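Work through the exercises below with the sequence and the model side by side, and try each task before you read its solution.

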Amino acid sequence: MGGRGSGRRPSYAGKDTTEDSLPLDIRRPQRAGVLAPGRICRWRWTVNDHVRASIQIRADVWQVVLTYAYTAHQQPAERIRQTVMLETTPCTLGGRRWWFRCPTCARRVAVIYGAGRLFACRQCKQLAYGSQSENADDRASRRADRLRKQLGWEPGILNGPGGRPKGMHLQIYARLSAEHDALVEVMLHGMAKRLGMLNGRLSEIRRQINGEP
Ligand SMILES: [Zn+2]
């Protein structure tokens, strides 16, 4: 998938994990309103504000067409168009929940992964590990940001703690910030696992986040 006009980096057979791949979680384009028939948008994956890869998503009735340039190792870029079917299920509290049909196995999934030439579900891509920890991290990250909002702190745990907001009861502050710190720990462990960090490096980052010298 072409990042900044270049083809996406090649995948390495047998070594893919969900972290190496490009996850496309339907809840994100759905929330962004991109799944409305007729909409065309460019969807980007970024790492530290750098575009790692991007694809075009064209929404149609009950399907999306993904268009991107794929470059296998030392091969010329290939333009790929992949159609992925959509469907919805009713939510218990009203509204509908959107799903992809995996283009390979037709299973109903929330996330398809760009790993190799085409997008498919995690099972079809045989992605080694990480989906569960990734989801746990995503959840922790969202919860942490909700707490940060309540605390009036800038979103993103890397921005560190912001102190007790004016007028917030001390006990409430202690509870929210303790909950936040616990989530930070969860996320740091997830990150450390993925990056294969050593414990020393982890404590260094923990100190930085906690604003300790
Ligand atoms: Zn599949």
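**Exercise 1.** Leaving aside neighbours within four places in sequence, find the residues with which V64 is in contact.

*Solution.* Contact means heavy atoms within 4.5 Å. With that cut-off, and with neighbours within four places in sequence left aside, V64 is in contact with L35, I57, R58, A59, Q82, T83, V84, L86 and F100. This is a predicted model, in which local features need pLDDT of at least 70 and side-chain atom pairs count only at pLDDT 80 or more, whereas totals for chains, interfaces and linings use all residues. Residues are numbered from 1 along each chain as its sequence is written, and side-chain values use heavy atoms, with hydrogens and water left out.

**Exercise 2.** Which residues of the largest nonpolar core touch the most other members?

*Solution.* A nonpolar core is a set of buried (under 20% relative accessible area, 1.4 Å probe, protein chains only) Ala, Val, Leu, Ile, Met, Phe, Trp, Tyr and Cys residues joined through side-chain atoms within 4.5 Å. The largest one has 32 residues, of which L24, I55, I57, V64, L66 and F100 touch the most other members. A second, separate core has 15 residues, including L147, W153, I157 and L183.

**Exercise 3.** Give the strand order of the open sheet of 3 strands.

*Solution.* Strands are DSSP runs (E, at least two residues), numbered from the N terminus, and two of them pair if DSSP finds at least two bridges between them. The order is β1-β8-β9, with antiparallel pairing. The edge strands, β1 (22-25) and β9 (119-120), each pair on one side only. β1 pairs with β8 (residues 111-114) over 4 bridges, and P23 stands opposite Y113 in β8.

Note on methods:
Buried < 20%, exposed > 50% of the residue type's maximum accessible area, 1.4 Å probe, protein only.
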